[in-house]
Amino acid sequence: MKLSNIKRFWISFILAIPMLIQMVAMPFHWMMPGYNWIALITTTIIMAISAAPYWESAWAAFQKHNANMNTLVAVSTSVAYFYSIFAMFTGREVYFESAAFVTIFVLLGDAMEEKMHDNASNALAKLMNLQAKDAEVWRNGEYIKIPLVEVEVGDLIRVKPGEKIPVDGVITDGSSTIDESMVTGESMPVAKKKGDAVVGSTINSNGTIIFKATKVGKDTMLSQIVDLVKKAQTSHAPIQNITDKISNIFVPAVLIIAILTFIIWFAFLGATAVEAMLFAVSVIVIACPCALGLATPTALMVGTARSARMGVLIKNGEVLEEASDIDTVVFDKTGTITIGKPVVTDIVGKQDEVLTIAASLEENSEHPLAAAIVNKAKEAKVPLEQITQFHAVEGKGIRAIYQKQNAFVGSEKILKDAKISQEIIEQAAKLQSQAKTVVYVGLDTTIIGLIAIQDTPKPSSKEAIAELKKRGLKTIMLTGDNEKVAAAIANEVGIDQVIAGILPTEKAREIKQLQSEGRKVAFVGDGINDAPALSTADVGIAMGSGTDIAIDSGGIVLVQNDLCGVVRALDISKKTFNRIKLNLFWALIYNTIGIPIAAGLFVGLGLTLSPELAGLAMAFSSVSVVSSSLLLNKAKIAGDSKKA
Ligand SMILES: Nc1ncnc2c1ncn2[C@@H]1O[C@H](COP(=O)(O)OP(=O)(O)OP(=O)(O)O)[C@@H](O)[C@H]1O
Ligand SMILES: [Cu+]
């Protein structure tokens, strides 16, 4: 028979009601008829149902020469129980209620934790239930409704206004606004048109759209989020090692203190054996560190779920602990601080010639700047020419043979011995100071022109950086771009410091350098080519694009492509970790204050603690730890408008 802790708690509690009545009636000198027998029978059932699992676990630990929390529960309850049986048949006073209530109170803590686990997994199950049940899919010349599980990658799916989008995909026809709040935490609906990505389980509000499924089943973004949160909730935080260590010394120490308490009272202070035994049992009960064991997991469970609702996915307790202690935030520039969709703004030199050569080369490049130049060429309708021997010089630019001449496009670093006129130098400096990236376009040893490209900061970057600085964090921008451009952008968004002109491969080294100066560094990047920097930093924060999450790359993943998520991530980590510390404090203070009282040190002041009261205090400390963790749902987090 496998009963849940919650059920066991209620059964035991109901069985214990007669003993409770007797305890209340005691001061009025009323004795329940047949009380001893009633107490013996009900307590025996309670021991069998509720105490036995603790005894078994304690016995298993004892065989391995270990002692754990269950040892304390087992020793205290079995001493009270077996002594009471002995007392009953030798005509002495019984203490069945001590055994029963200590068991019930220990169970209360366990039941609360179980309840929290259930609630947490229910919340996740609810998230999965957000999925549509079926989908309207194009099959054999018409749209037909099929169950969700039968949808395959590549299917064309029609979604009408007010319906749920069944799986992840890309719109092929139509446009609409879509409510993505359940996945991103963003409450504003997002306008989407042909070519835009959609996420399963979000709600289509006003237009009919047709989209092509790209991810189904376990691969959808929602499934991945649920998986990640599940893992995070049951993960371990390093601070728990302290808890484990404390428990390891604690339990044997408590048993020794209990034995000493018994000996001192009985042998030196003139107490009867029964009185001395009750002091010892109280010591064991009050010292039971079950609240200590609840302190970290319950807070982690609430904190990681809360952050997921805001579009911040924290991978595990270790990341959360690190993130609570960050003093420096390093940002990648392109696509992180800026939108990442650069556009050509100025061309210096013979416009058509410069653009033709640059675009002919850039057509072969994957760099974001290349897309800007190729787009501009299309817009200006200049013809592109064939090139040969293309090669990209990482972090510098590109080279190729264009009409038998050496052509190149890139930063100062690619120029080598090309001659630059004073006029070009001045032009470049002027454009750079306007926060525009300047690339040089050259043939053999002459610079034939410049192309200025602008990538504007995201609207939220400035505000997010101001919030970080308000929290006393140092902000640094890391970029391969030129110093002047970097400084201009940094100035625009309020970044403290720039590290510019570095190669992509050097980014991780720059972070190590900061760490060697004693800084605790978070790196924020887009997760595509920043993997080494993300993993070198104490905390790697990877930005998602709102429809795709780079789950592997960072310890923290932001669902939205927005720096406000960084502020939220650091805030919730700090709040959760502080809550863990507070929980540990409360869990320990009960034991520390309780033990001397239970041992009878303050008998002179009339202050004592019976085993039942000790059990109540212990239960109360578990309850206060669990409630304190639940309060994290209510803690104020910047930018979280949703009520928990
Ligand atoms: N395909 C290219 N076309 C033109 N210039 C290029 C190209 N690739 C690199 N460059 C030049 O090299 C510089 C550094 O490039 P890199 O890719 O390291 O960084 P970035 O994209 O400018 O900025 P960030 O480091 O913030 O992503 C660019 O600013 C540009 O001047
Ligand atoms: Cu306990």
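The questions and answers below explain how some terms apply to this predicted model.

Residues are numbered from 1 along each chain as its sequence is written, and chains are lettered from A and ligands numbered from 1 in the order in which they are written. In this predicted model, local features need pLDDT of at least 70, side-chain atom pairs count only at pLDDT 80 or more, and totals for chains, interfaces and linings use all residues, while side-chain values use heavy atoms, with hydrogens and water left out.

Q: What makes the pair Lys-333 and Asp-481 a salt bridge?
A: A salt bridge is a side-chain nitrogen of Lys or Arg within 4 Å of a carboxyl oxygen of Asp or Glu. For Lys-333 and Asp-481 the N to O distance is 2.5 Å, so the pair qualifies. Lys-333 is in helix H12 (residues 333–337), and Asp-481 is in the loop between strand E18 (474–478) and helix H17 (483–493), 148 residues apart. Helices (H or I, at least four residues) and strands (E, at least two) are DSSP runs, numbered from the N terminus.

Q: How many salt bridges does this rule give?
A: The count comes to 16 salt bridges.

Q: Why is Lys-350 called exposed?
A: Buried means under 20% relative accessible area, exposed over 50%, and partly exposed in between (1.4 Å probe, protein chains only). Lys-350 has 61% relative accessibility, so it counts as exposed. Its salt-bridge partner is Glu-353, with the closest N and O atoms 3.8 Å apart. Glu-353 has a relative accessible area of 34%, and is therefore partly exposed.

Q: How do you know that Asp-571 and Arg-471 form a salt bridge?
A: The N to O distance between their side chains is 2.7 Å, so the pair meets the salt-bridge rule. Glu-467, Lys-470, Arg-471 and Asp-571 are joined into one network by salt bridges that share partners.

Q: Are Asp-571 and Arg-471 buried or partly exposed?
A: Asp-571 has 12% relative accessibility, so it counts as buried. Arg-471, at 33%, counts as partly exposed.

Q: Why are H4 and H9 called roughly antiparallel?
A: Two packed helices are described by the angle between their axes and the distance between the axes. Axes are lines fitted to C-alpha atoms, for helices over the stretch in contact, and angles run from 0 to 180 degrees between N-to-C directions. Angles under 35 degrees count as roughly parallel, over 145 as roughly antiparallel, 65 to 115 as roughly perpendicular and the rest as oblique. Helix H4 (residues 69–89) and helix H9 (residues 273–287) pack at an angle of about 150°, with their axes 8 Å apart. H4 and H9 are therefore roughly antiparallel to each other.

Q: Which residues make the contact between H4 and H9?
A: Contact means heavy atoms within 4.5 Å. The residues of H4 are Leu-72, Val-75, Ser-76, Val-79 and Tyr-83, and those of H9 are Val-274, Met-277, Val-281, Ile-284, Val-285 and Ala-287. By class, the contact has 10 nonpolar, one polar and no charged residues. Ala, Val, Leu, Ile, Met, Phe, Trp, Tyr, Cys and Pro count as nonpolar, Asp, Glu, Lys and Arg as charged, and the others, Gly among them, as polar.

Q: Why is Val-226 called buried?
A: Val-226 has a relative accessible area of 4%, so it is buried. Val-226 is found in helix H7 (residues 221–233). Leaving aside neighbours within four places in sequence, Val-226 is in contact with Leu-124, Leu-127 and Met-128. The C-alpha atoms of Val-226 and Leu-127, 99 residues apart along the chain, are separated by 7.5 Å.

Q: What makes Val-493 count as buried?
A: Val-493 has 4% relative accessibility, so it counts as buried. Val-493 lies in helix H17. Apart from neighbours within four places in sequence, Val-493 is in contact with Ile-337, Pro-457, Ser-461, Lys-462 and Ile-465.

Q: Why does Gln-403 count as exposed?
A: Gln-403 has 53% relative accessibility, so it counts as exposed. Gln-403 lies in the loop between strand E14 (397–402) and strand E15 (405–410).
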